[in-house]
Amino acid sequence: MSVMKPSILFILTCIFSLYTVQAQDSLVNQDIKVNSQLWLDYNFAHTVFNAKKLQTQVSFRKIFPEAFNRFVVMSALEIPHKKSLSFLNLEKTVVQSFHLGTGLFYTQNFDAKDNLEFRLFQGFKFDIPTIKSITLNNYVRLEERFQNNFNNSGWTSGFRLRYRLSTILKYNKHLTDFVDGFYIPLSAEVFFNLKKSDRYNDLIRLEPGLGYKLKNNWKFEVYLIFNETKNNTATNNSSSDFILRLRVFDGNIVSASKKNQITKPKDLHNN
């Protein structure tokens with residue numbers, strides 16, 4: 001299999017759409033207990049500042065019943081960490097990398113004022129080795145969220161802490177390096193809202209998926225996600241989100257000078 005056929009993604013999208021219910025309501029005004037969502041995103045990266053990576057995600061998200069469309073652009077600077085604690089006598093560092101990022105989330109509501117969120121975040125990744133073929137990847141992130149609902153109330157702020165535990169099961173592994181083929185990404189994430197934002201406060205997220213990596217390092221991933229969220233801080237009600245997420249990862253990391261290309265991209269994990 002040299003390429004992933006576009007028809008597979010099209011069929012999955014059609015099947016998902018058949019099970020959605022069409023309505024013209026807003027999550028702000030109506031309590032939707034269960035909903036379906038479709039997320040599409042494209043991920044690419046550049047090297048900057050002496051081999052540090054600037055990772056960017058461009059995403060479109062749609063909800064059914066039809067309450068809103070969301071447009072997302074996020075970038076994160078990955079700073080590798082190579083120093084290990086000497087007294088632990090470990091071959092690899094405990095903390096793999098630090099992350100600094102920012103993002104814009106524009107929510108186009110169908111029956112309410114739109115919402116704009118500007119987000120800053122800081123995080124770090126560390127690994128926990130288990131058995132030989134499985135490593136548990138950990139990601140801790142602090143977020144500062146600033147939202148404007150365009151209702152003359154100005155900007156509101158919120159703060160939250162996120163923790164994600166993930167791993168990748170590789171179907172076709174050549175010696176020590178995974179070259180190409182199918183793999184299974186799995187993750188679970190919890191959200192601790194230190195100060196709740198006015199809208200869209202996630203609580204927990206479970207993400208089983210299926211991915212395929214080409215020899216040129218392009219990757220295609222499909223996820224079936226369960227997400228529990230609290231849409232409005234004015235109520236105590238939460239909703240269950242069932243999400244089909246399609247992700248594309250550009251296989252080339254372009255250097256700042258555009259003269260060299262590094263073909264070992266890492267996953268940009270954003271909201």
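Visitor: Which residues make the nonpolar surface patch of about 430 Å²?
Guide: This is a predicted model, where local features need pLDDT of at least 70, side-chain atom pairs count only at pLDDT 80 or more, and totals for chains, interfaces and linings use all residues. Residues are numbered from 1 along each chain as its sequence is written, and side-chain values use heavy atoms, without hydrogens and water. A patch takes residues with over 30% relative accessible area and no salt bridge; nonpolar side chains (Val, Leu, Ile, Met, Phe, Trp, Tyr) are joined within 5 Å, like charges within 9 Å. The patch here is made by Leu142, Phe159, Leu161, Phe192 and Leu194.

Visitor: Which strands each supply at least two residues of the nonpolar patch?
Guide: Strands are DSSP runs of E, at least two residues, and helices are runs of H or I, at least four, numbered from the N terminus. Leu161 has its place in strand S7. The strands asked for are S7 (155-170) and S8 (181-195).

Visitor: Is Leu161 buried, partly exposed or exposed?
Guide: Buried means under 20% relative accessible area, exposed over 50%, partly exposed in between (1.4 Å probe, protein chains only). Leu161 has 31% relative accessibility, so Leu161 is partly exposed.

Visitor: Which kind of pair do Phe182 and Tyr212 form?
Guide: Six aromatic pairs turn up in a search of the whole structure. Rings of Phe, Tyr and Trp (its six-membered ring) pair with centres within 6.5 Å; planes under 30 degrees apart are stacked, over 60 edge-to-face, the rest tilted. For Phe182 and Tyr212, the centres are 4.7 Å apart and the planes at 70 degrees, so the pair is edge-to-face.

Visitor: How many residues apart are Phe182 and Tyr212?
Guide: The pair links distant parts of the chain. Phe182 is in strand S8, Tyr212 in strand S9 (residues 199-213). They are 30 residues apart.

Visitor: Where does Arg61 lie?
Guide: A charge sits over a ring if NZ of Lys or CZ of Arg is within 6 Å of the ring centre and within 35 degrees of the ring normal. Arg61 is 4.0 Å from the ring centre, over the face of Trp39.

Visitor: What is the distance from the charged end of Arg141 to the ring centre of Phe121?
Guide: The charged end of Arg141 sits over this ring. Its distance from the centre is 4.2 Å.

Methods. Areas by Shrake-Rupley, 256 points an atom, 1.4 Å probe, with all protein chains shown as cover. Salt bridge = Lys/Arg side-chain N within 4 Å of Asp/Glu carboxyl O.
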